[in-house]
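Here is a friendly briefing to read alongside your model. Have the sequence and the 3D view open as you go.

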Amino acid sequence: MSSKVMRAQTAILKVLAEMRKPAGASTIVDLLTGAGVEMRARTVRLHLLELDRQGLTALVSRRRGRVITAAGREELGKSDVLLKMGLVSAKVDTMAYTMTFDVASGKGSVIANTAWLHPDCLLPAVAEMRQVVRCQLGVGNRVITAKAGETVGGAEVPEGFAGIGTVCSITFSGIFLRRCIPLHSRFGGLLEIRDRKPVRFVELIEYRATTLDPLEVFIQAGMTRVRDAVRTGNGLICAGFREIPVVAIPDVERLAAELRQKGITGLLAVGRPNQPLFGIPVSDGHAGLVVTGGLNPVAAVREAGYAVRIRSLAGLE
């Protein structure tokens, strides 16, 4: 099999894995286009037939389309790492461009993270999340909840689960884009909080060098201490490190004030021109910008002992 064919089939498997429900060729084409991959519907159908033959996809019905199989997910995990990195990067850019949140009106779509958990755990989970939101350690002051069969972030909540959606910090990329402010996402990390103030990053993962969401990695590994930060003022929270041009600092500070008025918190700190911020150096002509992780409320739920399935950058809400 040629490398071109392998990359095409991996891209199709990636789309089906992200969908979490059956999809036909036309839907797959639309999603591939959104991720920056051009492919005709006829080509997709031919690849799907071959993937069926390999047992990597399965036809549910002609009307509903296909799903990825367990063997397909296993193959996807072994697939071209560079391709997966490209798809993740393209997904971030596409969602930031297509979200419609308007700061002036306070309305529009934002990028959502999702989490599934047992329905009996929903109320105590929301109580945990409320404390994080009150301490402004998430993004904004809103979350969304859903029952099985309802949709959160473009995905249907599975039977036997309840759904939670939080605002993803990548939403700031879309907001800045509409204000013509360049925003470069460099790292996702763990930020130490001491006496309720951020002091330094203790762990970092570069966005462009990973196939996984860095904050999701830290949460799943049990490395966060969000509940401690809420209750004692000392802990480790998820945060993102961005860079902005020095000339944009006044505009960013004005925008941050506007966002706070609309209930969108999360812009934690703006650095000085050409100076490190929380120990992280910046490029010449730039300043650092730190945003809180939109998954921090979910991290607190996991720290409290509740089993959650996390999906960052799930979709628009």
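A residue is called buried when its relative accessible area is under 20%, exposed when over 50%, and partly exposed in between (1.4 Å probe, protein chains only). This is a predicted model, where local features need pLDDT of at least 70, side-chain atom pairs count only at pLDDT 80 or more, and totals for chains, interfaces and linings use all residues. Residues are numbered from 1 along each chain as its sequence is written, and side-chain values use heavy atoms, with hydrogens and water left out.

**Positive phi values**
- Phe278 is buried, because its relative accessible area is 19%.
- Phe278 is not a glycine, yet its phi is positive, near 55 degrees.
- Leu313, also not a glycine, has a positive phi of about 50 degrees, and this residue is buried at 7% relative accessible area.
- Leu313 lies in strand β13, residues 309–316 (strands are DSSP runs of E, at least two residues, and helices runs of H or I, at least four, numbered from the N terminus).

**Helix α3**
- Val44, His47, Leu48 and Leu51 of α3 are buried.
- These residues sit on the same side of α3, because they cover an arc of only 105 degrees around the axis (taken from the directions from the helix axis to the C-beta atoms).
- On the face turned away from the buried side, α3 carries exposed Arg42, Leu49 and Arg53.

**Arg66**
- Arg66 belongs to strand β2, residues 65–68, and counts as buried at 14% relative accessibility.
- Its side chain makes a polar contact with the side chain of Asp52 at 2.6 Å (a pair of N or O atoms within 3.5 Å; within protein, one must be able to donate a hydrogen and the other to accept it, and residues adjacent in sequence count only if both atoms are side-chain atoms).
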